[in-house]
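Dear colleague,

Please find below the structure that I am handing over to you.

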Amino acid sequence: MKRKPRIAIALGGGGARGCAHIGVLRVLQKHQIPIDFITGTSIGAVVGSIFTTTADAAQVQERFAAWLISDEYKKSGLELFKRKEPAENFFGQVATNIKQRVVVNLAQSKLSLVGGKRLRKAMDFLIPDGRIEDTKIPFYPVASNILTGEEVVFREGDMRTLVGASASIPGFLPPYKINGYLLVDGSVVCPIPVVLARNLGADIVIAIDVGQKLNDNPNLDNVISVMFQTQHMTARHYNLHLLDQADVVIRPDVGLVHWSEFKLLNYMIEEGERVAEEAIPELRQMIKDKTSSWKGMFAKSEEMRVVH
């Protein structure tokens, strides 16, 4: 008697770097690695929503490619956020403007620095219409409750609304008000939903980390730069703690890509494919070992039953 291990994919956040998720999923499908369910946060939730709806990584790539040439993307203003410096979070993005005192004045009267409607339309182009509970592969997106600091896991509801909440970058999009929660990007409290995947019953958790690399040559000539670097250090250590709890970690080399550089779609997909191919032997062996160990346990249990 055999029991196949339940395999979950935990798709982490990281903005445009999440396009590498597509390459990983393509390779897993190519090698017929079974996927029992997916957890996703931020861009991981966006990619996960398309993949679990279609059960086809090629269709995820096609949707992103179509998005990049759409009017919704052009009007979103995403390309305006690219900076030469590798600062990742909202504070890093507005550091220059803080010096000019422009953003401070705006922030006193607005919940976000981007036209929410434009960016939400762009996200709606990507996120499939439908409901979470109706996907072909079970799917669990994560958002952050800004009122309590807790993660919120969705098991049912409108796909675009809930995945939109999971990818609502603080400062760039206003929080989502859903069922008494005030929700922002899932990456705030759950950058890679590994623990969630385990708690949902996964025997093997494959974590895909597309987080930003720590800048090892920062320009630390002012207090703001020092604060950003130390904040990033804290976030990175938390990510590594989460990854320690995964069985297999796939880490595409996209850590220096800015979170808004979606135009690098093909490069990031190729990088995701490259590292996923390298992980396939380890993953196959792990599946084999898990299946064999259960087979042995069932056999021993049967022997005991017969003897007694």
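The notes below set out what was found, element by element.

Please bear in mind throughout that this is a predicted model.

**Helix 3**

Helix 3 covers residues 57-68, twelve residues in total. From its first C-alpha to its last it reaches 17 Å, close to the 16 Å expected at 1.5 Å a residue. At the start of this helix, the backbone nitrogen of alanine 58 has a side-chain oxygen of aspartate 56 within 3.0 Å. The buried residues in helix 3 are Ala57, Val60, Phe64, Trp67 and Leu68. Viewed down the helix axis, the buried residues fall within an arc of 100°, so they line one face of helix 3.

Setting aside residues up to four places away in sequence, phenylalanine 64 touches Cys19, Ile22, Ile43, Val46, Val47, Ile50, Leu126, Phe262 and Leu265.

**Helix 12 and threonine 291**

Helix 12 spans residues 265-307, and threonine 291 is found in it. Threonine 291 has a relative accessibility of 13% and counts as buried. A polar atom of its side chain lies 2.8 Å from the backbone oxygen of isoleucine 287.

**Leucine 11**

Leucine 11 belongs to strand 1, residues 7-11. With a relative accessible area of 0%, leucine 11 is buried. Although leucine 11 and glycine 44 are 33 residues apart in sequence, their C-alpha atoms are 4.5 Å apart in space. Beyond its neighbours within four places in sequence, leucine 11 is in contact with His21, Ile38, Thr39, Gly40, Thr41, Gly44, Val47, Gly48, Pro193 and Ile208.

**Cysteines**

The structure holds zero disulfides. Cysteine 19, one of the residues that phenylalanine 64 touches, is buried, its relative accessible area being 0%. Cysteine 190 also counts as buried, at 5% relative accessibility.

With kind regards

Notes. Residues are numbered from 1 along each chain as its sequence is written. This is a predicted model: local features need pLDDT of at least 70, side-chain atom pairs count only at pLDDT 80 or more; totals for chains, interfaces and linings use all residues. Side-chain values use heavy atoms; hydrogens and water are left out. Helices (H or I, at least four residues) and strands (E, at least two) are DSSP runs, numbered from the N terminus. The expected span of a helix is 1.5 Å times one less than its number of residues. Buried means under 20% relative accessible area, exposed over 50%, partly exposed in between (1.4 Å probe, protein chains only). The arc is that of the directions from the helix axis to the C-beta atoms. A polar contact is a pair of N or O atoms within 3.5 Å; within protein, one must be able to donate a hydrogen and the other to accept it, and residues adjacent in sequence count only if both atoms are side-chain atoms. A disulfide is a pair of cysteine sulfur atoms within 2.5 Å. Contact means heavy atoms within 4.5 Å.
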